[in-house]
There are 2 protein chains.
Amino acid sequence: MMISVVAHRFRLVPQTLSPFSSPSPSPTTTRPPRLLFSASSSSSPSPMDAQIGQPRFMEFPHLSVVHRNLMVEIISTMEGRLGSQLRPPTLPPDVQFFQNESGTSQGSLYIRTGDKFSSVDLLLGSWLHCELPSGGALDITTLVTYLNLSTDAPHFLLEFIQSSPTSLLLLLDLLPRKDLVLHQDYLNTFYSDTQLERFRKELEKLPEVQPYFLSSLYLRPIFSPTANLIRIDCSRKEEGEAAGQGSMDEIIHDHIGPIAKEVLGIWLDQCACRVGGREVGESEQALLGKRDHLIKDTAVKIDLVSNLPRLFGPDVASRVISAIQEFFDV
Amino acid sequence: MMISVVAHRFRLVPQTLSPFSSPSPSPTTTRPPRLLFSASSSSSPSPMDAQIGQPRFMEFPHLSVVHRNLMVEIISTMEGRLGSQLRPPTLPPDVQFFQNESGTSQGSLYIRTGDKFSSVDLLLGSWLHCELPSGGALDITTLVTYLNLSTDAPHFLLEFIQSSPTSLLLLLDLLPRKDLVLHQDYLNTFYSDTQLERFRKELEKLPEVQPYFLSSLYLRPIFSPTANLIRIDCSRKEEGEAAGQGSMDEIIHDHIGPIAKEVLGIWLDQCACRVGGREVGESEQALLGKRDHLIKDTAVKIDLVSNLPRLFGPDVASRVISAIQEFFDV
């Protein structure tokens, strides 16, 4: 979904960002690729790597180690459970990694579709890293997995939007596929019985956490009532405590990480790998398909069509958006 | 709707409330009725008044003057615009005003239905005042106007829940009647074009204001993406400033009041008195009716059925709930 690439940007990024006080490497510096995900590719780069000479999706080269490890663990868990149902990625190299002319904006896209026996429609991962003219950088890391019409169970979304070492937005939710006013049994099954609310409450209690309202009114209704939509601000630590990436890493490690993994576990057990009980009738499929289509279409229009061109230039943006739309069928 | 009578209560009301520091009359003391709304009834009490000897709905006897004046102005404006379409109230006196055996809980209900040419289904106003065993009181003031199936335009809701002179919840929204993911044109017409978001943003900026999450997952999806669901906390004023009802009244007078009036104006112009363009086809009416029914049913079940009995005793609660259900047809 790659929600809100720059819809957030203008709220998040002040004209002058304060210099990074974090001991971790500056996000504006491209680190040498660190190959965490696949031992084999780390020792013998694939032709694609040689060809574009850039880090691939799983490397998350601009995130802190703690943040990167979390993303790798989440994707690893998801692919571990769904792996045999997922087709290998087929994106061309220039969409697997892309950048603008000056190299100040970089991105990576990763897509796998479900096979014909799977309830998975599409797994989409991405990271974007954009150096800002005012200094600092914007880093957006997304993992969204859409289910297909064999089930009406919710989609999975995890997104991080970081505009400084002390400011992070988290979007973590199981995206409902039905109108929850009309379908209270659905709300019951996926949101009440699963006790997802406890995670929202746990994060809400942290002093660094504030609820976050997406700037787009069209995106807000896509989320569930237990969605974790929060802004984490570590810049206001009490005197004597260090603010910065260290504090943010602590929050990611101690709170966000465990919760993201639990929510993923619930989604894998109750949605993607649920056995029986959610068969969708033919007439219902049409409505479900229309609603899914609108969710994807909204995300593409609001996030990408309106924002990618100015970050990456029209050609790169068009290439990336077309690649996604081909899978989204929108 | 009388949302969340006590769903909120347990979060709102600490075991020991601090003594009221407000210069306004203590909410635990029943004032002599002040007849603000109708000059004629103020000089010559109706038989009903004589019979039950209690204040009626419009008097809001337990609110601060500022808060009461706002409620009177809001209802006055609504009835001024809709008045000729509304049938006179017909509730029996023992539902117009009710209390528990000891008189520590009091309430008033006010219902008017729309006539056959009106787009109004039902206007429901109420106030509840409950002295708490721990000291202090809970005051809930509600105005909700449901439209009928001649239109799909949103319903109007305004609710205040006050548990102390320094703590107030506000619920102010135009309740959507369609799934906003499926019906983006509806979102556009009633929420984007009307710029309702600016009010939410204005309130969000106040240091005393925090977003509020309804405790019921089943109520949350009823609200729109521009809903004002906030907690106002005046207890943490900076040193040297007075906290209490004075500060709360300032916020009601300077911010909540003007915004509530503007939102009501938008609702009257664009929803209740909108001319043309929202005709609802027969097939659509069935779904709309079902959704409306679920909204009302959820409100009654979550708010009233589970909470009124312990506040007012089973007999009074049953009488009040039956009276509402008769109009709700749930």
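**A pair of helices in chain A**

Begin by selecting helix 4 of chain A together with helix 8 of chain A, which are roughly parallel to each other because an angle under 35 degrees counts as roughly parallel. Please keep in mind throughout that you are looking at a predicted model. Helix 4 covers residues 65–82 and helix 8 covers residues 245–272, and their axes come within 10 Å and cross at roughly 10°.

Next, show the side chains where these two helices touch. From helix 4 of chain A, select V66(A), H67(A), L70(A), I74(A), T77(A), M78(A), R81(A) and L82(A); from helix 8 of chain A, select D249(A), I252(A), H253(A), G257(A), A260(A), K261(A), L264(A), L268(A) and A272(A). If you colour this contact by class, you will find 10 nonpolar, four polar and three charged residues.

Now widen the selection to the whole of chain A, where there are 11 helices and eight strands. Of its 330 residues, 46% count as buried. Among the contacts in chain A between residues at least 6 apart in sequence, 69% join residues at least 24 apart.

Finally, bring chain B into view and look at where the two chains meet, a contact that takes 21 residues from chain A and 21 residues from chain B. On the side of chain B that touches chain A, select helix 6 (184–192) and helix 9 (282–305) of chain B, each of which supplies at least two residues. Coloured by class, the residues on this side of chain B divide into 13 nonpolar, three polar and five charged.

How values were computed: Residues are numbered from 1 along each chain as its sequence is written. Chains are lettered from A and ligands numbered from 1 in the order in which they are written. This is a predicted model: local features need pLDDT of at least 70, side-chain atom pairs count only at pLDDT 80 or more; totals for chains, interfaces and linings use all residues. Helices (H or I, at least four residues) and strands (E, at least two) are DSSP runs, numbered from the N terminus. A residue is buried if 20 or more other C-beta atoms lie within 10 Å of its own, exposed if 12 or fewer, and partly exposed in between; C-beta atoms are placed from the backbone. Two residues are in contact if their C-beta atoms, placed from the backbone, lie within 7 Å. Axes are lines fitted to C-alpha atoms, for helices over the stretch in contact, and angles run from 0 to 180 degrees between N-to-C directions. Angles under 35 degrees count as roughly parallel, over 145 as roughly antiparallel, 65 to 115 as roughly perpendicular and the rest as oblique. Ala, Val, Leu, Ile, Met, Phe, Trp, Tyr, Cys and Pro count as nonpolar, Asp, Glu, Lys and Arg as charged, and the others, Gly among them, as polar.
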